[in-house]
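Thank you all for coming. I would like to walk through one model this morning, going from the overall layout to the central elements and then to the aromatic side chains.

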Amino acid sequence: STIRSKYINWVRLRDLVTGRAINVLNNHLVPSVQGGKGGPNNNKRRVAIYRKHMEALSALVYRIHQAKVGIVVVTGDFNVNYRKDRVLKPYVFPYRQLGKRGMRASYEFLGLPRMGTHTLKGGNSTRLIDYVYLDNRPKVLTPKKQRIVRNMSSDHRPLLVDIQPTTMNGWVPPWEQTEEPTDGTEEPTDGTGDDGSTPMER
């Protein structure tokens, strides 16, 4: 079957409350790459494409960290069950590739939900194949809560994660910023001197 190209779509946002830049990297990786026990399956072509995507994603996270241009949040449909990936930790899959960049899944911070993010035609599924991976560097953000949304017209259930970035040193939200105080020594703007005279009179 045809395997369509996959991309990393990303955007850099500014949290006005804390001043933090947040880089959101969204992904949709090729399916049918994980075997029954949790490691890569025998579909070498698909696994090779998956590896290429994950290595590119890992490199992008690294570049953003090195450039020091904000927090990184990675989201998407990774088509790999996190429950098994966190145990086996194959090199090609997200746990290892993102873990080596200091990224951790929300499931690691906030627990493994009973319900999965993937639904099957034959019934419910507990597979967690949709992730929010969070920057685990010290003092940049705090995961607050997560929930899986039900009853959507899709074979996936959206994963919502609330995070709290830490405030940057010296940051003042725009709505709390005030004009710089004056010391009263500016020249008058009406053309008069301190004694009230005009330039012609002086």
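Along the sequence, the protein runs through the pattern β-β-α-β-α-α-β-α-β-β-β, which comes to four helices and seven strands, where helices (H or I, at least four residues) and strands (E, at least two) are DSSP runs numbered from the N terminus. Please keep in mind that this is a predicted model, in which local features need pLDDT of at least 70 and side-chain atom pairs count only at pLDDT 80 or more, while totals for chains, interfaces and linings use all residues. Residues are numbered from 1 along each chain as its sequence is written, and side-chain values use heavy atoms, with hydrogens and water left out.

Of the 202 residues of the protein, 39% count as buried, a term that means under 20% relative accessible area, with exposed being over 50% and partly exposed in between, for a 1.4 Å probe and protein chains only. If we take the contacts with a separation of 6 or more, residues 24 or more positions apart account for 67% of them, a contact being heavy atoms within 4.5 Å.

Let me turn to helix H1. H1 covers residues 44–67, and its 24 residues should span 34 Å at 1.5 Å a residue, which agrees with the 34 Å between its end C-alpha atoms; the expected span is 1.5 Å times one less than the number of residues. The buried residues of H1 include Arg46, Tyr50, Met54, Leu57, Val61 and Ile64. As a reminder, an α-helix has 3.6 residues a turn, so residues three or four places apart point the same way. What do the buried residues of H1 pack against? Their partners are strands S1 (8–14), S2 (21–28), S3 (71–77), S4 (103–105) and S5 (130–135), together with helix H3 (94–99). Just after H1, Lys68 takes a positive phi of about 55°.

The next element is S3. Seven of the seven residues of S3 are buried, so this strand is largely enclosed by the rest of the structure. Ile71, Val73, Thr75 and Asp77 point one way from S3, whereas Val72, Val74 and Gly76 point the other way. S3 pairs with S2 in the parallel sense over seven bridges, and with S5 in the antiparallel sense over five bridges, pairing being assigned if DSSP finds at least two bridges between two strands.

Finally, the aromatic side chains. The structure holds seven aromatic pairs, for which rings of Phe, Tyr and Trp (its six-membered ring) must have centres within 6.5 Å, with planes under 30 degrees apart counted as stacked, over 60 as edge-to-face and the rest as tilted. Tyr82 and Tyr131 form an edge-to-face pair, at 5.8 Å centre to centre and 75° between the planes. Tyr82 lies in helix H2 and Tyr131 in strand S5, so the pair ties together parts that are 49 residues apart in sequence. Tyr82 is buried at a relative accessible area of 1%, and Tyr131 is buried at 2%. Tyr131 also forms an edge-to-face pair with Tyr107, at 6.3 Å centre to centre and 90° between the planes, and here Tyr107 sits in helix H4 (residues 106–110), 24 residues from Tyr131. Phe78, Tyr82, Tyr95, Tyr107, Tyr131 and Tyr133 form one aromatic cluster.
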